[in-house]
Amino acid sequence: LSAAADQPPRLWKPTSDQATMASQSSRSQHDDDDVAAASEPSAPDPSACSTVTSSDQGMYGQFTWTVALPAAPADKDSLADISKIRQFSDVFEVGGYEWKLEMYPYGDSQSDKTLSVFLCAVDRKQLPGWSQTAHYQIAVVNKDPSKTSTHTGYDIFRGKRDSAWGWSKLINLSKLHDVAQGWVDDDGKITLQATVHVVTHEYMPVNRTYRKSLCGLYYERVLQSYFEPFLKDELQRLDKLCGNSVLHKGFSDFWAALADTKKRALLQITVDEVLLNVKARLFSRDQPATYLAADVIFKAAHECAHGTLSEGAHRSLVGCTSLAVVSGGEGTVLRLERLTPEASSSISTLAATRATDPAPGDSAAGADQRVMLRTYNGVMRMSNSANFVDVFRSQVADALDNVRALVKHLKPQSCDGTCLEAMGRQMLAVFAMCGMYITNVHPAYHEKLALQLQEDLIREEEESNKKQE
């Protein structure tokens, strides 16, 4: 997967056993034969310093390596001579695997004008034939944080010896050695930062810093490849019911005849059931963008289930929908309301306000334009007495409009994740209503139809018997 159009191509560095085959097939891969034939790589620089931070889950970690650049070679007759100069960082552990950085300060066998850096998976603890997928970033840190050069990859690490992926042309050497550019510190050292996210079969929460970096890379893919297709499928299914006057009237009569206690029983679902559906419909361990797609919904669910927001209302605006997450009392309420076109003409995020402040468009909202989902003790309950399928369809249509509006108006450089997190709250509400419909409402409706059909058949049989008598 190509993480960004302006990034240099990502290269695989084969193991020593694989290098011979690789060199014969393609010289674009990072060939280790010349290096292996030369002297052994230098040990980690004792003057270098490194730090490691990892998340509570242990599947996400960040490693910082500050290292002095060695003196430039006096004789640079060939790329092979230059590629003999390489340095290794200390070994660090993320997700139960050991990793290290491999740096060619004057380029590898592919280039002598750029810095080459690779992330290596150290397999000394692994069984033969091991493989592991990881989403990773390698950054050359600048004194000005806004100029830090970051490159992202998503690859499978495997092999009998160290398996590595990275970039032969990470940054131009003339730029790197220019003191005025801010890449080298006063001691002549550079700082490399590696971020590793080990991919598992199960979804896991994403680190906040990591989520922000994913937003800049994948927000369009999340909206267009995951949210939009899901919403289109749901809208088509609902249109088959709402677009047929006979079927729609039948459901409306069924819903109107239900007692309020029965409606409340049908309009509830556990948070765990909702998130299981999110994982089934959106998450794939082979696609890094799905981590972000699932994570913004999981984050919204965590806010509702655990009341992580301070008491009061946190309001945001995305497209035509105003969203409010209100904590306090018995559980947390997620409130969605469709705004008038005038109120939703711009896409922005509103600052947090007090619960007593009125939300935009309160007086104009209709029964099918407002949804309230209260989460308490791990159960989400929906409060709305209107026709459920009309409300559900309205929310799906609004969410689809909002997704398309975000794609149209937001640019990668301006996406800090705030609007995507707001979209995650609306997607949580849609998934919750989808679960209620599939698990509770739809079976109850068809049970009613089956009973009605049985009663009709019995009545017809009785009338037929009377005629025969």
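Which residue caps the N-terminal end of helix 10? In this predicted model, local features need pLDDT of at least 70 and side-chain atom pairs count only at pLDDT 80 or more, while totals for chains, interfaces and linings use all residues. Residues are numbered from 1 along each chain as its sequence is written, and side-chain values use heavy atoms, with hydrogens and water left out.

The cap is Asn387, with a side-chain oxygen 3.3 Å from the backbone nitrogen of Val389; a polar contact here is a pair of N or O atoms within 3.5 Å, one able to donate a hydrogen and the other to accept it, and residues adjacent in sequence count only if both atoms are side-chain atoms. Helix 10 has 22 residues and reaches 31 Å from its first C-alpha to its last, close to the 32 Å expected at 1.5 Å a residue (1.5 Å times one less than the number of residues). Helices are DSSP runs of H or I with at least four residues, numbered from the N terminus.

Now to the packing of helix 10. Its axis comes within 10 Å of that of helix 11 (residues 418-468), and the two cross at roughly 150° (axes are lines fitted to C-alpha atoms over the stretch in contact, and angles run from 0 to 180 degrees between N-to-C directions). Helix 10 and helix 11 are therefore roughly antiparallel, a label for angles over 145 degrees. The contact divides into 15 nonpolar, three polar and one charged residues (Ala, Val, Leu, Ile, Met, Phe, Trp, Tyr, Cys and Pro count as nonpolar, Asp, Glu, Lys and Arg as charged, the others as polar).

Helix 11 also meets helix 9: their axes come within 8 Å and cross at roughly 75°. That makes helix 9 roughly perpendicular to helix 11 (65 to 115 degrees).

Notes. Parallel < 35°, antiparallel > 145°, perpendicular 65-115°, else oblique.
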